[in-house]
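Biologist: I am new to reading models like this one. Could you show me how to look at it, feature by feature?

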Amino acid sequence: MIDRIINNLKTRRERVLSGEVNCIPSSFTRFREDFVGIEQGKYFLVSGQTKAAKTQIATNMFVYNPLFYAYENPDKIHLKIFYFPLEESVENITLRFMSHLLAKYSDYRISPLDLKSTNENKVVPLEALELLESEKYQDILKFYNNTVMFFEDRNPTGVKRQIQSYAEKNGTIHKKKITITNKETGLSEEREVFDYYEPHDPKEYVIIIVDHISLITPESNMDLRESINRLSEYMIMFRNRYNYIPVIIQQQGTETGNLEAFKNNKIRPTMSGLSDSKYTAKDCSMMLGITNPYYRYSKYLKMNI
């Protein structure tokens, strides 16, 4: 194991010196010291109050930005995203991607609402739709379609089954033999257990998104909290065994979003404020807290009235 770790450190160093990367660079360039980017083998938790734009920010950070980077740098990383949309429809997620696509490669800044011509006074320009149908945009949309895989599984076992199956087909699981003693009989027996995982494609970044975790279907004979804890255990396994990148979205409890919290300026998401289970904060590699933008603007207006 020691030799494998040291060899990996040398490989990562040479990779950077040769122009490759060890993470998908963060889109927030000013904060790269705090959040350098999306690295393989990291487990992220995105949390905030209700209507704090958790899903929008999470999809931008862990779907749209990585996808654009992978599309523009096919020699550096290969991307696969497993998305379990428990709250939003696949159509809404894809529509929002189209808005990001137009904003990135053209002068159009059109919200998903306006892209659908919802307001009769703001009909989407025909040129924007023609861009989406153009060869370049269709190529990117095809890349999106082939990269992002949506699943309807809602319980922890279903999520585990999908990811486990992919890992087994796209890598080699190495095992080692250990000797254990049966407590009942006192006899020793030899067993094969997991040792390490070797992916077929070391450049592949596998991102797993569950949005949001409190909407999962509880496992049989488990309540919601126990089921969330079970899913988080699986996320740890995906991270530690396969070097995958789990991302869960979890709401804050009402105590961090009520009027008293606002009055006392205690509106920042906290580990203790997580709704339904606190164990996810202990399990994750990094927690990203999102404050409701309404509270920020309200505070600004109050100071300037």
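Modeller: Let us go from the whole chain down to single residues, keeping in mind that this is a predicted model.

Biologist: What percentage of the residues count as buried?

Modeller: The cut-off you need is that buried means under 20% relative accessible area, while exposed means over 50%. Of the 305 residues of the protein, 42% count as buried. The accessible surface comes to about 17600 Å², and 50% of that surface belongs to carbon and sulfur atoms.

Biologist: And the charges: how many positive and negative side chains are there?

Modeller: The protein carries 41 positive and 39 negative side chains, and 6 Å separates the centres of the two sets.

Biologist: How should I think about the inside of a protein?

Modeller: The general idea is that in soluble globular proteins, nonpolar side chains tend to be buried together. In this model the largest nonpolar core has 43 residues, and F62 and F97 are those with the most contacts inside it. Helix 2, residues 54–72, gives the most to this core, with nine residues. Apart from it lies another core, of 29 residues, including V159, A167, I216 and L231.

Biologist: Which residues is F97 in contact with, leaving aside its neighbours within four places in sequence?

Modeller: F97 meets Y64, L67, F68, I140, L141 and Y144. For the whole protein, take the contacts between residues at least 6 apart in sequence: 68% of them join residues at least 24 apart.

Biologist: Can we try a single residue? Is S26 buried or exposed?

Modeller: S26 is buried because its relative accessible area is 8%, and the cut-off for buried is under 20%. S26 sits in the loop between strand 1 (24–25) and strand 2 (37–38). Beyond the residues up to four places away in sequence, S26 touches R32, F35, V36, G37 and N65. A polar atom of the S26 side chain also lies 3.0 Å from the backbone nitrogen of F28.

Biologist: What about K282 and I6: how does each one count by accessibility?

Modeller: K282, in helix 10 (residues 279–283), counts as exposed because its relative accessibility is 64%. I6 belongs to helix 1, residues 2–17. With a relative accessible area of 40%, I6 is partly exposed.

Biologist: Where does F194 lie, and which residues does it touch?

Modeller: F194 lies in strand 7, residues 188–199. Not counting residues up to four places away in sequence, F194 touches I173, H174, K175, K176, R241 and Y242.

Biologist: My last topic is the backbone. What should I look for?

Modeller: Most residues other than glycine have a negative phi, and most peptide bonds are trans. With that in mind, look at S117, where phi is near 55°, a positive value. S117 lies in the loop between helix 4 (112–115) and helix 5 (126–132), and at 27% relative accessibility it counts as partly exposed. N221 also has a positive phi, near 65°.

Biologist: Where is N221 found, and is it buried or exposed?

Modeller: N221 is found in the loop between strand 8 and helix 8. N221 is exposed, with a relative accessible area of 78%.

Biologist: And which residues are joined by a cis peptide bond?

Modeller: D211 and H212 are joined by a cis peptide bond, with omega at about -20°. H212 is found in the loop between strand 8 (204–211) and helix 8 (224–242).

Note on methods
Residues numbered from 1 in each chain as written. Predicted model: local features only at pLDDT ≥ 70, side-chain atom pairs only at ≥ 80, totals over all residues. Heavy atoms only, no water. Core = buried A, V, L, I, M, F, W, Y, C linked by side-chain atoms within 4.5 Å. Buried < 20%, exposed > 50% of the residue type's maximum accessible area, 1.4 Å probe, protein only. Helix = DSSP H or I, 4+ residues; strand = E, 2+ residues; numbered from the N terminus. Contact = heavy atoms within 4.5 Å. Areas by Shrake-Rupley, 256 points an atom, 1.4 Å probe, with all protein chains shown as cover. Lys, Arg positive; Asp, Glu negative; His and termini not counted. Charge placed at Lys NZ, Arg CZ, Asp CG, Glu CD. Polar contact = N/O pair within 3.5 Å; in protein donor to acceptor, adjacent residues only side chain to side chain.
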